[in-house]
Amino acid sequence: MNITRELTNLFGQRLVVTGETLRSRFSLAIDDIDFFVDELADRNYVRRITAGKRDYYTIGPALKEHADDVGLDARLEAEASNGKIAHSDLESVIDVAATSDVIRYLDREGYIVDLDGEYLVEESIDEYGRYLADRVADTVEEEFADSSHVLRSEEFDQVVENAIDNRFDVLSSARSVRTEILESVETALLDRLGLEQGPEMVVAAEPFDAVVDNQARRILENVRAEYDVFASPSEFLDRAEDDFDAVHVASDERVNEYVRNAVEERYEAIVNEKEF
């Protein structure tokens, strides 16, 4: 427990340490340090970072269980801005002689992704996704407006990907986490734009509902103008079948069918509730 506490305090202050730092911290003889750090590494209290002829150490998974908000991932997440960290800031956080070797280790072990001069912090992908979503939201919103506020799920995926690629090269630079980035951007856009995602379609809820309501009421007015007042709601529905079939908002028939079903449901609700 004393070793656990001392190491937790140490890694709370420094991200990466040398074997000499560990020797000094625990008042070890020079001949004992190799055995000591080997034991710590075997027990997953530290992780060894080999840099040339020297070894550096960071917190290991076993020790991490006892240390809240201590370690590489937590420190990098804290230092990240919009999910990224600049090279100079990363050097400052590492603060050891073999900076380039440690950065390669962080990249190899999945802590960061090199974006040519700055780094994506993998623990902060959701934050980075929100950052990207803010910058492509207008483009995505325009696509929905041009498509009667409904897109097929795969079309939505493509629209988001294209919107990102048109402004950033991150999807090609960060291929190892490409899927995670796209998912985080889409999740942020669902919230930001008020989108609802179903198994086949993604809709901009409020404007789509307005379009559906307008279509349903237009059909109702057509039916009422053409026929006498009917005795039952079922007659209103029967008379509107041709109008439902005529609803056409996109070149994709799956989208048209989705909209027709929504219009018919809204029409039926209006008739049954006598909202006219």
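**Figure 1. Glu118 is partly exposed, with a relative accessible area of 29%.** The model shown here, as in the other views, is predicted. The side chain of Glu118 meets that of Lys84 in a salt bridge, with 3.3 Å from N to O. This pair links distant parts of the chain, since Lys84 belongs to strand β4 (residues 84-86) and Glu118 to strand β6 (residues 118-121), 34 residues apart. Is Lys84 buried or exposed? Lys84 counts as buried, at 14% relative accessibility. Buried here stands for a relative accessible area under 20%, and the 29% of Glu118 therefore places that residue in the partly exposed class.

**Figure 2. Arg152, Glu154, Asp252 and Arg254 are joined into one network.** The links in this network are salt bridges that share partners. In the whole model, the count of salt bridges comes to 21.

**Figure 3. Glu6 and Arg25 form a salt bridge between two helices.** The distance from N to O is 2.7 Å. Which parts of the chain does this pair tie together? Glu6 lies in helix α1 (residues 2-13) and Arg25 lies in helix α2 (residues 19-25), so the contact joins parts that are 19 residues apart in sequence. Both side chains belong to partly exposed residues: Glu6 has a relative accessibility of 26%, and Arg25 has 29%.

Figure 4. Glu20 is partly exposed, and its relative accessible area is 44%.

**Figure 5. Three strands, in the order β4-β6-β5, form an open sheet.** The pairing in this sheet is antiparallel. Strands β4 and β5 (112-114) are the edge strands, and each of them pairs on one side only. From one strand to the next, the twist averages 30°. Strands of a sheet pair through backbone hydrogen bonds, in either a parallel or an antiparallel sense. Between β4 and β6 the antiparallel pairing runs over 3 bridges. Which residue of β6 is the bridge partner of Lys84? The partner is Leu120. Lys84 also takes part in the salt bridge with Glu118.

**Figure 6. The buried residues of helix α12 line one face of the helix.** These residues are Ala205, Phe208, Val212, Asp213, Gln215, Ala216, Ile219, Leu220 and Val223. Against which elements do the buried residues pack? They pack against the strands β7 (150-152), β8 (195-197) and β9 (201-204), and against the helices α13 (233-239), α14 (241-245) and α15 (253-272).

**Figure 7. Asn256 is a buried residue of helix α15.** At 0% relative accessibility, Asn256 counts as buried. Which residues is Asn256 in contact with, leaving aside its neighbours within four places in sequence? The contacts are with Val247, His248, Val249 and Ala250.

**Figure 8. Ser27 has a positive phi although it is not a glycine.** Most residues other than glycine have a negative phi. For Ser27 the value is about 55°. Ser27 is found in the loop between α2 and α3 (33-42). Is Ser27 buried or exposed? Ser27 counts as exposed, at 68% relative accessibility.

**Figure 9. Asn44 is a residue other than glycine with a positive phi.** The phi of Asn44 is near 65°. Where is Asn44 placed? Asn44 sits in the loop between α3 and β2 (46-51). Asn44 is partly exposed, and its relative accessible area is 38%.

Technical notes:
Residues numbered from 1 in each chain as written. Predicted model: local features only at pLDDT ≥ 70, side-chain atom pairs only at ≥ 80, totals over all residues. Heavy atoms only, no water. Salt bridge = Lys/Arg side-chain N within 4 Å of Asp/Glu carboxyl O. Helix = DSSP H or I, 4+ residues; strand = E, 2+ residues; numbered from the N terminus. Buried < 20%, exposed > 50% of the residue type's maximum accessible area, 1.4 Å probe, protein only. Pairing = 2+ DSSP bridges. Axes fitted to C-alpha atoms, helices over the stretch in contact; angles between N-to-C directions. Arc of directions from axis to C-beta. Contact = heavy atoms within 4.5 Å.
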